[in-house]
Amino acid sequence: MSTQEWSTGPYEYRTQEGRMTILGFWIFLGAEVVLFSTLFATYAVLFGRTADAPLPGDLFEPGITLAMTFLLLTSSFTCGLAIHNMRAGSLKGLITWLIITLALGLGFLGFEIYEFVHYAHEGATLQSSAFWSAFFVLAGTHGVHVTLGIGWAVLLLIQLVQRGLNPVTSRKVFVVSLYWHFLDVIWIFIFTSVYLIGMVV
Amino acid sequence: MEKNTKHLPVQHIIGFLLSIVLTLLAVWAALGSDLPVKWIIIAIMVLAVIQAGIQLFMFMHMTESASGGGHVPWNMMFHGFVLAAIVVAGSLFTMSFGFTHDHDGDHSGHGSHQEEQQMHD
Amino acid sequence: MKLDEFFVTGEPLIYGGMVSIVLVTSAAIFLLTYLKRWGWLWQEWLTTVDHKKIGIMYILSALAMLFRGGVDALMMRIQLTFPNMNFLGAQHYDEIFTTHGTVMIIFMAMPFLIGLMNIVVPLQIGARDFAFPFLNALSFWSFFFGAMLFNVSFVIGGSPDAGWTSYTPLAGAALSPGPGQNFYLLGLQLAGIGTLATGINLMVTILKMRAPGMKLFQMPIFTWSTLVTTFIIIFAFPILTVALALMTIDRIFGAQFFTLTGEGMPMMWANLFWMWGHPEVYIVILPAFGIFSEIIATFARKQLFGYKAMVWSMILIAGLSFLVWVHHFFTMGAGALVNSVFSVSTMLIAVPTGVKIFNWLATLYKSRIQITTAMLWALAFIPSFVMGGVTGVMLGMAAADYQFHNSYFLIAHFHYVLIAGTVFACFAGLVYWYPKMFGHKMNERIGKHSFWWFLIGFHVCFFPQHFVGLDGMPRRIFTIIPEWMPLNVISTVGAFGMGVGFVIFVYNIYYSWKNSPRETNGDAWDGRTLEWATPTPVPFYNFATVPKVSGLDAFLSMKKKGETTFDETKLEAIHMPSNTGRPFIMMGILFFASFALVFEWIGLAAVGLIGTLIMMGIRSFDYDEGYYVEVDEIKKIERTVRGL
């Protein structure tokens, strides 16, 4: 292991370990891009294969979808503000914005759960057709990622309260912020290629 | 380390506003415009790619030199998206050819030409 | 569930397997207790984060899997020797060809190569460990428990029987009910986590932990092949993860991805499987290329010819590997355009591969070749692999493929590339780096015996299969017609020749441990790259002082200048990671969860999953920062191992 350290720049980049972890996480995100693209490919190939279940255009609601999108977009913005505060050395600002981010994330999840339950009532479930299987697994995988992200960030909040800002906690928070922004990137594509196209076609 | 507590995070605010505008533009293109479906799909996918770029460059500091990561983050994201294009477009290309839904005017079912599944390495 | 549904019953061979498992396990437990080695096992191995020990555990597991897959192969060959053999029933035969393929690719070839990478790559680049040693241990245990989960299927629940490709709808819940196929899905899923993590870990290690001065284009070629391989792993394995997950959801939760009902699309599985599966082929062949390049350069006593061309051809192969997957199912009937596109891209791969072949030949040209065992494997690889490559181009022609498809011609082709490429490389690499790992060479005389048995056995086994394939013998049939008998008899004889070669190889490990002279300095073969600069046995921190690198073949120039990796004036305290049992425990819990999910005991699986998440949470709160090895201790260790 390397112990090289730097005395300038953001905390998270000051140790070799911090730099390697963040780099490793970027590489992991590269793998995540492919993971989601496989789900997108499956969704695209199975598009229109609804069998006897309702059509997506009949169930998708622009209002809810747009609300979810704005919640997640705003949470990505507040997450960026959290990192901005962290780099400015403000632990309080970091914690505040992080909690707001998680609240918005929870709101997103609430809508998603409501949406899934609603679709199930209308007769579109995981089992009802190839299309709906692909839909639920694609959106659901994103939802599981969001859930894990919330749980992970809560653990980090506890550590921030316990230990304050140092190279290790900064690195951890920075990594979780990358993850959170990345989930928004994925959501943009779900919003566009699943919901918007589903409502158009 | 920048001690710019007073400074507004200008980049983030611009990115956020742009994201909202792009989202609304996509919604308008999809639900409010009279464009042909093909053009709607192309337009909103382009908007999505731009928005993803905003997240990556303005929020995630992908090209930040302080990271010491050099080109690696950018490189992995770029290749990830190339792979994504290959996986999605390649699957559609491979799985839609020869699988027309109403071959020979037979409307009985989709994908009725999949009986001949042979195993092959 | 009744006990006789839980355990597999009614097959004498499987009862034999059960008895031998019980015997071997009790013998191991008895020996560990009798010799009071439980503490040693836990402290030295199960909790280690040392890349060299993890590598050795990978290789030992891979050898065990090679034995298991090899026994499967011999049983298949016995069954196919004569028409109407009654050695295996059709069902048992199906299970065995499925496990043979899966075990050999996923649980033998990959871990063997990853094991060699574990040991060699940090040493070649002058690093003291992986970038993330904890994660490395986690990767190993995920592979290990994945392999155990898959292997336990033959005595508990029943083996999967839909082929290693597990095409739907055959592998779906409707046509393959029961736990067998679930073992395949979850065993691979569990092992796949570790493979992806290793890919990321190695990539960061190579990018960030090279010795000062070592540029990317000055890295040893095996390290380069590893870097390219990790790139493929990172981008290909997520596809497998998703494909396996989708089929698991299909089977256990009733989704309709690959089903014949609900407008599912069974061929989408084949599409996804091969999108991963073709890059996977290169994941197991590129490191092999790297190993052969190292060995050929060392024993031809020359710098590798065309180093840059070698690197670029690997990068090109990696890129192309993602663009050819449809050639595995040309006969699906996707149409002339699709097949033509993938036919052309397939044949393109022959170009960079050809470049590599010529570079090896040019390295050998006019050199003073030392015929060691490792070099023999490398020399045998070149012509044997070219034969597999040529049949590969034949199979790549879509129109001709309709004739070759699913026949023994195909079987011959991919065994020629996988055995002559990957398996030869595993043996060669193990022989070559053996002195670095264990402090003594493998016996050369016995090694050459094992080489000749294996090489001749290999050609006798697989060469006739080209012809029996062209005569119309399809793969995955459990009995043959009389016309195919003569060639099949020859083939079976060859298979047993390979078996003898393997047994001699394993005997050689024992014999050399007893009899080989111990290494006195670390440079067993007069090597060229940094791994040989370390003393043997390699201290746990690898390099007391990390050398400054200024070109290719770093150790060669160090030797000329009289430098070593122990410069007393430059010693500093070395930071090392602490051992930990958590990777073992975490993956043990995930094994439990996967096992429960195999039998569709959802509640228990959820408990296991929550346990895994709790372990991850504990890890998050772990601020253990390792420890320092002080200068005095380094001096003491270095003086002992260097005999100063």
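Is C:N84 buried or exposed? Keep that question in mind as we walk through this predicted model, beginning with chain A.

Two packed helices are described by the angle between their axes and the distance between the axes. In chain A, helix 1 (residues 16-45) packs with helix 5 (residues 130-163) at an angle of about 155°, and their axes are 9 Å apart. Angles over 145 degrees count as roughly antiparallel, so helix 1 and helix 5 of chain A are roughly antiparallel to each other. Their crossing is left-handed. On the helix 1 side of chain A you can find A:L39, A:F40, A:T42 and A:Y43, and these meet residues of helix 5 of chain A that include A:F135 and A:L138. By class, this contact has 7 nonpolar, 2 polar and no charged residues.

Now look at where chain A touches chain B: 45 residues of chain A are in contact with 46 residues of chain B. Helix 1 of chain A turns up again here, giving the largest share of chain A's side, 14 residues. That side has 27 nonpolar, 14 polar and 4 charged residues.

Most residues other than glycine have a negative phi, and most peptide bonds are trans. Yet the peptide bond from C:T168 to C:P169 is cis, and C:P169 is found in the loop between helix 6 and helix 7 of chain C.

Back to C:N84, which has a positive phi of about 55° although it is not a glycine. C:N84 is exposed, with 8 other C-beta atoms within 10 Å.

Methods. Residues are numbered from 1 along each chain as its sequence is written. Chains are lettered from A and ligands numbered from 1 in the order in which they are written. This is a predicted model: local features need pLDDT of at least 70, side-chain atom pairs count only at pLDDT 80 or more; totals for chains, interfaces and linings use all residues. Axes are lines fitted to C-alpha atoms, for helices over the stretch in contact, and angles run from 0 to 180 degrees between N-to-C directions. Helices (H or I, at least four residues) and strands (E, at least two) are DSSP runs, numbered from the N terminus. Angles under 35 degrees count as roughly parallel, over 145 as roughly antiparallel, 65 to 115 as roughly perpendicular and the rest as oblique. A crossing is left-handed if the near helix is turned anticlockwise from the far one by less than a right angle, and right-handed if clockwise. Two residues are in contact if their C-beta atoms, placed from the backbone, lie within 7 Å. Ala, Val, Leu, Ile, Met, Phe, Trp, Tyr, Cys and Pro count as nonpolar, Asp, Glu, Lys and Arg as charged, and the others, Gly among them, as polar. A residue is buried if 20 or more other C-beta atoms lie within 10 Å of its own, exposed if 12 or fewer, and partly exposed in between; C-beta atoms are placed from the backbone.
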